[in-house]
Amino acid sequence: MTDHDDVDLRQFGYDQELDRAVTPFASFCVGFALISATTAVYAGFGFGLLTAGPAFVWTLPLVFLVFAVWAMIAADLAVKLPLAGYAYQWTSRLVHPSLGWFTGYLGLIGFISGFTGVAYTFATYFAGLCGIAETTPHLVGITAVVLFVCLLINVYGIRLATAINNIGVMLEIILTVGITAFVLILVVLVRHDGQPVSYLASHGDTASSPYVFAWMVASLGAMFGLLGVEAPADIAEETRSARRVIPRTMFLALATAAAIEFFMYVTFLLAIGDEDAVAASATPIEAIISAQVSPAFADVVVAIALTNILVCVLANMLVASRLLYAMSRDNMTPFSRLFDTVSPKHKIPTGALGGSAIIATFFLVTALFNERAFAYILGMATIGYVGVYILTTAGMLVADARGNFPPTEPGFFDLGRWRRPLHIIGLLAFSGFMAALTLLPDFRPNVIPLAALMVLGTGWWLLVLRRRIARGDAGPRSRARHEQAAPAPVR
């Protein structure tokens, strides 16, 4: 099937430059690692509990349905346009390259700030585990080391990166589920030293008027836990039998991650002993395990969780570089000729990996001057992802109305008559999330740094990019334009 994949790629105007070595299992692991059930629970448990009480757990099934809609939209597009740069390519080819620029730019903000923020989460837990003072310079230093290690792994090639990612994901699934089951059996079922099942429906001391408002705010934590389900689509040019594999691995990664997250949330809620101590802790999962099992066992659990968080950083950096590479290959970014460089030996986009690392370093440096920087970085990541979902679904509604949507091919995933209804549902749901992320007082400060970045992106489009696009010097390649620019490779 690799030959067929290469032929498909050439139809879109590109030669096979990257290493098409990603198997179906590796594709699933990339999607699962980017979601990272463990990272989601460790990052979102305290937020949900403080915002809406234990009943926040029931926001996860609702959010899962929303992301199932997005997964179907993304799978439908990945089958028809199996290209690196996913949403940038989709909106550029089916609507206009200018929309593709803003979609891809928001995706870069989401991915790069995402892996920077997750690396900082690793640094926080690592410092606590090793007894390192949690000062900003220490945390920034640990984060920088984590990013450098992930950069080295990615530079060596997709085969090493996915092999390490596969091992990490298997450890996460087996050990995380095993440890969570152990806590459930020991604390809740054997010792009866936790909370009753009715606790899962309680509001705690967090109820506001009306409570549904607090509950909906808590859903943002669950939403953060499922972002990135479309990651397999971004490595389509490195995936074998991409058009068949990507929809399956996307759905499987989403379902598996959501099931594990729900199991973890329920277990640790029922295992709570001292509610006040857990509510006051910056690391509530660790506090629960330490109090209900033992501090030593809690340290082991945190050490295992760190490996899971590390592969989440690795996967985020992997997909971020592919998006930057795809946009630079089409001359859409500043320094395009630098960022679209591909290593002839390892067949990976070294320029884009370096560019992603440079941008992440800039984010890191800002943290030295503002202790709230990492809160803003994580906030920008979430808004960036949701912005991509909004622009993509809105763009697809336009493409569908114009009749620009690629035709259905038998044997491949296709939404058919459900396409437009799902686009409308997705657009409404993602717009609701975006309104909450930009208007609610707790999240409003995140808009300021994102707005500054959007001003830069809009300035680039106004002053340079739109002229490139108008001249035909930027934007997705057609097969004809590609063949005029360079001779076909000798086979």
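Predicted model: local features only at pLDDT ≥ 70, side-chain atom pairs only at ≥ 80, totals over all residues.
Reader: Why is Ser-113 called buried?

Author: Its relative accessible area is 0%. Buried means under 20%, so Ser-113 is buried. The residue sits in helix H6, which covers residues 97–130.

Reader: What makes Leu-108, Phe-363, Ile-377, Met-380 and Ala-381 contacts of Ser-113?

Author: Contact means heavy atoms within 4.5 Å. Ser-113 is in contact with these residues when its neighbours within four places in sequence are left aside. With Ala-381 there is also an approach to the backbone: the side chain of Ser-113 reaches the backbone nitrogen of Ala-381 at 3.3 Å. A polar contact needs a pair of N or O atoms within 3.5 Å, and 3.3 Å is the value for this pair.

Reader: How far apart are Ser-113 and Met-317 in sequence and in space?

Author: They are 204 residues apart in sequence, and their C-alpha atoms are 10.0 Å apart.

Reader: How do you know that Ser-328 is buried?

Author: Ser-328 has 0% relative accessibility. The limit for buried is under 20%, so Ser-328 counts as buried. Ser-328 lies in helix H14.

Reader: What makes the pair of Ser-328 and Thr-333 a polar contact?

Author: Their side chains come to 2.9 Å, and the cut-off for such a pair of N or O atoms is 3.5 Å. The side chain of Ser-328 also reaches the backbone oxygen of Leu-324, at 2.8 Å. Not counting residues up to four places away in sequence, Ser-328 touches Thr-333, Ser-336, Arg-337, Phe-339 and Asp-340.

Reader: What makes Asp-76 and Arg-419 a salt bridge?

Author: The side chains meet at 2.8 Å, N to O. A salt bridge asks for a side-chain nitrogen of Lys or Arg within 4 Å of a carboxyl oxygen of Asp or Glu, and the pair is one. The two residues belong to distant parts of the chain: Asp-76 is in helix H4 (residues 59–80) and Arg-419 in helix H18 (residues 419–439), 343 residues apart. Both Asp-76 and Arg-419 are buried.

Reader: How many salt bridges does the structure hold?

Author: There are 13. Side chains of opposite charge can pair when their charged atoms come close. Another of the pairs is Arg-243 with Glu-409, at 2.6 Å, N to O. Arg-243 lies in helix H11 (residues 242–270) and Glu-409 in the loop between helix H17 (373–402) and H18, so this pair ties together parts that are 166 residues apart in sequence.

Reader: Is Arg-243 buried or exposed, and why is Glu-409 called partly exposed?

Author: Arg-243 has a relative accessible area of 14% and is buried. Glu-409 has 39%. Elsewhere, salt bridges that share partners join Asp-76, Lys-80, Asp-414 and Arg-419 into one network.

Reader: Why does His-192 count as exposed?

Author: Its relative accessibility is 61%. Exposed means over 50%, so His-192 counts as exposed. His-192 lies in the loop between helix H8 (158–190) and H9. His-192 has a positive phi of about 50° although it is not a glycine.

Reader: Where is Ser-241 found, and why is Ser-241 called buried?

Author: Ser-241 is in the loop between helix H10 (231–234) and H11. Its relative accessible area is 16%. Because buried means under 20%, Ser-241 is buried. Ser-241, not a glycine, also has a positive phi of about 50°.

Reader: Which residues make the nonpolar surface patch?

Author: Leu-62, Val-212, Phe-213 and Met-216 make a patch of about 360 Å². Helix H9 (residues 211–224) gives the largest share, three residues. Met-216 is found in helix H9. With 40% relative accessibility, Met-216 counts as partly exposed, and patch residues need over 30%.

Reader: Which members of the largest nonpolar core touch the most other members?

Author: Of its 169 residues, they are Phe-32, Phe-45, Phe-67, Trp-90 and Leu-269. Helix H14 (residues 295–329) gives the most to this core, with 19 residues. Contacts of Phe-45 beyond four places in sequence include Phe-56, Tyr-265, Leu-269 and Ile-288.

Definitions and conventions. Residues numbered from 1 in each chain as written. Heavy atoms only, no water. Helix = DSSP H or I, 4+ residues; strand = E, 2+ residues; numbered from the N terminus. Buried < 20%, exposed > 50% of the residue type's maximum accessible area, 1.4 Å probe, protein only. Polar contact = N/O pair within 3.5 Å; in protein donor to acceptor, adjacent residues only side chain to side chain. Patch = residues over 30% accessible without salt bridge, like charges linked within 9 Å, V, L, I, M, F, W, Y side chains within 5 Å. Areas by Shrake-Rupley, 256 points an atom, 1.4 Å probe, with all protein chains shown as cover. Core = buried A, V, L, I, M, F, W, Y, C linked by side-chain atoms within 4.5 Å.
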